[in-house]
Amino acid sequence: MSESATTFVDACVRGEAFARDIDDWVDTWHDTDFAGSEPSLDEFLGFSDGEGALWVEKPESLSVIVAAHKLGVPVAELLVGQSSYALAARSASPEDAASVLQWLIERGRI
C-alpha cells in the first residue's frame, strides 16, 4: 500500500468516515486490484498489530481502536487510563470501553 493511501482509521480520525463504514472498506479491499502489491486487510484498514484480530473478535472495540489512534497510544493504554484520556472526547462509549477492557483482561492480552 502506498504511503499516501488513506486508511479507514485515518479517515475516521479525520472525520471522513464512521465506524459503520468499515464493511464498505472491507468490500473495497476485496474488490480492488492492487497490481501485485496487495496490502493485508489490517494494513488497508490502518490497524496496528493485534487491532484487526481484536476488531474481528470484539466488533465494539472499533471505536476504542479509532480513539487510540486519535491519541497516538496503544488500545490497552487507552483503556487502562480511560479516565485521563476521557475516551478521546467520547469517541468510544464508556460501556464499550469497559467491555473491551474486561474482555482483554480475561484473555490475558493486558
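Colleague: How many of the 10 residues of helix 5 (residues 62–71) are buried?

Modeller: Seven of them are buried, so helix 5 is mostly covered, where buried means under 20% relative accessible area, exposed over 50% and partly exposed in between, with a 1.4 Å probe and protein chains only. Before we go on, this is a predicted model, in which local features need pLDDT of at least 70 and side-chain atom pairs count only at pLDDT 80 or more, while totals for chains, interfaces and linings use all residues. Residues are numbered from 1 along each chain as its sequence is written, and side-chain values use heavy atoms, with hydrogens and water left out.

Colleague: Which residues in helix 5 are buried?

Modeller: They are Leu-62, Ser-63, Val-64, Ile-65, Val-66, Ala-67 and Ala-68. After helix 5 comes Gly-72, with a positive phi near 70°.

Colleague: And what is the overall secondary structure of the protein?

Modeller: There are eight helices and zero strands, counted as DSSP runs numbered from the N terminus, with helices being H or I of at least four residues and strands E of at least two. The pattern along the sequence reads α-α-α-α-α-α-α-α.

Colleague: What share of the residues in the protein is buried?

Modeller: Of the 110 residues, 39% are buried. The accessible surface comes to about 6300 Å², with 49% of it belonging to carbon and sulfur atoms; these areas come from the Shrake-Rupley method with a 1.4 Å probe, and for residues only the protein chains shown count as cover.

Colleague: Let's turn to Glu-51: is Glu-51 buried or exposed?

Modeller: Glu-51 counts as buried because its relative accessibility is 7%. Glu-51 belongs to helix 4 (residues 51–57), and, leaving aside neighbours within four places in sequence, it is in contact with Gly-46, Ile-65, His-69 and Val-75, contact meaning heavy atoms within 4.5 Å.

Colleague: How many salt bridges does the count come to?

Modeller: Two, taking a salt bridge as a side-chain nitrogen of Lys or Arg within 4 Å of a carboxyl oxygen of Asp or Glu. One joins the side chains of Glu-16 and Arg-14 at 3.1 Å, N to O, and in another the closest N and O atoms of Lys-58 and Glu-60 are 2.9 Å apart.

Colleague: Where do Lys-58 and Glu-60 stand on accessibility?

Modeller: Lys-58 is buried, with a relative accessible area of 12%, whereas Glu-60 is partly exposed at 30%.

Colleague: Which residues form the negative surface patch?

Modeller: Asp-23, Asp-24, Asp-27 and Asp-31 form it. Patches are made of residues with over 30% relative accessible area and no salt bridge, like charges being joined within 9 Å and nonpolar side chains (Val, Leu, Ile, Met, Phe, Trp, Tyr) within 5 Å. Asp-31 lies in helix 2 (residues 22–31) and is exposed, with a relative accessible area of 68%.

Colleague: One last topic, the backbone: what is phi of Ala-35?

Modeller: Phi of Ala-35 is near 50°, which is a positive value in a residue other than glycine. Most residues other than glycine have a negative phi. Ala-35 sits in the loop between helix 2 and helix 3 (41–45), and it counts as exposed because its relative accessibility is 68%.

Key: Lys, Arg positive; Asp, Glu negative; His and termini not counted. Charge placed at Lys NZ, Arg CZ, Asp CG, Glu CD.
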